[in-house]
Amino acid sequence: MPAINTASLPDIIFMLLFFFMSVTSLKEVTYKVRITPPEATELVKLEKKSLVRYIYVGTPTEEYRKAFGSETRIQLDDAFADVAQLEDYVVRERSAMSEDEQNLMTISIKADKDTKMGIIADIKQALRRAYALKISYAAVQRTSY
Amino acid sequence: MAKRKIPEINASSMADISFLLLIFFLVSTSMSVDKGLSRRLPPPLQPNQKVEDMDINKRNIFVVKINSMNQLLVQGKELDIKQLRAKTKEFIDNKANDPELPVKVAEEIEGLGLVEYTKDHVISVQNDVDTQYQAYLEVQNELVAAYNELRDEYARNRFGVSYAELDEDMQKAIQKVYPQKISEAEPKNYGGGK
């Protein structure tokens, strides 16, 4: 029996590889908080990932329960943070951007749907103080009422 | 001289290498597209700036309150979230020139001519510290949806095409007719909860 010619196999796999490389994006961070996004309908796609910074809000996942409790926490990049650190974080991130992009920075708040508004309001106040006024509440498309 | 045959590079491992790369990318990337509800925050109050008691005509304000049980109080009446969009549209548009609804001002808008619109209306959203984020976002969503629908209806009536199909200048002009004015008060503790 003649062997099947597999010479084109690498090409096929490379094609697949390129397809996946172009449609996906690198994971931003590993979630340390559990987030079930809220649902909404009037969603806008976030353009230009490089201009977006994320704030994660939710209860710590199982493995961090012991150390951080089960109260709602904020995660910035890869670490838990305090509302007080938020202003510094935004200013630092913004100064790292090029000058003409600085006022285009968008903050995406990824919060769990069961979060209390108290903490969100604190975040919003901190963002106002840091002059990061363009925000986006991350949500998923609602399919039904 | 006899031609030496160049040995071919053995490419049989190529498939394995590319498979490996493929799997690496599959694992380390995520497919999700980020979507969200875009909002703009007001600039912070300057320390020496006094909170002005803006003299807003009462009929120009639309108050939406959300309590800690995620119930809505719209203009002093309880309302279901499903009715909020229609109610908001009625308020912003004030089709019948109702004296209870916001004042209509006739103004020249570039590209549209003389338009009568509720220039000074304000939507005020107040929530409790214990309000659930989902409930808050739903209210914001309905308010934004009301604006979007009004803009779209206007574009359809005026130009026969949807708002999204218009060019940027026209969209700007329609945004002037229906300016998004959603103001958010500092969160307060309205009954219930500690």
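Which residue is the bridge partner of Ile61(B) in β8(B)? The partner is Val122(B).

## Model and confidence

The structure is a predicted model. For the complex, the predictor gives an ipTM of 0.78 and a pTM of 0.78.

The average pLDDT of chain B is 80, and 88% of its residues score at least 70. Within chain B, helix α3 (residues 133–159) has the highest confidence, at 88. The lowest is found in strand β1 (residues 29–30) of chain B, with a mean of 73. Where pLDDT is low, the predicted coordinates should not be read in detail.

## Layout of chain B

Chain B contains 4 helices and 9 strands. Read from the N terminus, the elements follow the order α-β-β-β-β-β-α-β-β-β-α-α-β.

Chain B has 194 residues, and 24% of them are buried. Among contacts in chain B between residues at least 6 apart in sequence, 67% join residues that are at least 24 apart.

## The sheet of chain B

An open sheet in chain B is formed by 5 strands, in the order β5-β4-β3-β8-β9, with mixed pairing. Its edge strands are β5 (77–79) and β9 (182–184) of chain B, and each of these pairs on one side only. On average, neighbouring strands of this sheet are turned by 30 degrees against each other, direction ignored.

Strand β3 (residues 61–66) and strand β8 (residues 122–127) of chain B run parallel and are joined by 6 bridges. Helix α3(B) packs on the sheet and touches β3, β8 and β9 of chain B. The direction of α3(B) makes about 155 degrees with that of β3(B).

## Helix α2 of chain B

Helix α2 (residues 81–93) of chain B lies across β3, β4 (72–74) and β5 of chain B. The helix runs at about 20 degrees to β4(B).

The buried residues in α2(B) are Leu84(B), Thr88(B), Lys89(B), Phe91(B), Ile92(B) and Asp93(B). An α-helix has 3.6 residues a turn, so residues three or four places apart point the same way. The cover over the buried residues of α2(B) includes β3, β4, β5 and α3 of chain B. Just after α2(B) comes Asn94(B), which takes a positive phi of about 45 degrees.

Asp169(B) sits in helix α4 (residues 168–177) of chain B. Is Asp169(B) buried or exposed? It counts as exposed because it has 10 C-beta neighbours inside 10 Å, and a residue with 12 or fewer is classed that way. Asp169(B) and Gly111(B) are 58 residues apart in sequence, while their C-alpha atoms are 8.3 Å apart in space.

Ala185(B) lies in the segment after β9 of chain B. Ala185(B) counts as exposed because it has 12 C-beta neighbours inside 10 Å. Ala185(B) and Asn127(B) are 58 residues apart in sequence and 7.8 Å apart in space, C-alpha to C-alpha. Leaving aside neighbours within four places in sequence, Ala185(B) is in contact with Ser124(B) and Gln126(B).

## Where the chains meet

In the interface, 46 residues of chain A are in contact with 40 residues of chain B. On the side of chain A that touches chain B, the elements giving two or more residues are α1 (9–23), β1 (25–26), β4 (44–45), β8 (106–111), α4 (117–129) and β9 (134–138) of chain A. Helix α1(A) gives the largest share of that side, 9 residues. The residues of this side of chain A divide into 26 nonpolar, 9 polar and 11 charged.

Within chain A, β9(A) pairs with β8(A) in the parallel sense over 3 bridges. There, the bridge partner of Ile107(A) in β9(A) is Ile135(A). Strand β9(A) is mostly covered, with 4 of its 5 residues buried.

Key: Residues are numbered from 1 along each chain as its sequence is written. Chains are lettered from A and ligands numbered from 1 in the order in which they are written. This is a predicted model: local features need pLDDT of at least 70, side-chain atom pairs count only at pLDDT 80 or more; totals for chains, interfaces and linings use all residues. A residue is buried if 20 or more other C-beta atoms lie within 10 Å of its own, exposed if 12 or fewer, and partly exposed in between; C-beta atoms are placed from the backbone. pLDDT is the predictor's confidence in each residue, from 0 to 100. Two strands pair if DSSP finds at least two bridges between them. Axes are lines fitted to C-alpha atoms, for helices over the stretch in contact, and angles run from 0 to 180 degrees between N-to-C directions. Two residues are in contact if their C-beta atoms, placed from the backbone, lie within 7 Å. Ala, Val, Leu, Ile, Met, Phe, Trp, Tyr, Cys and Pro count as nonpolar, Asp, Glu, Lys and Arg as charged, and the others, Gly among them, as polar.
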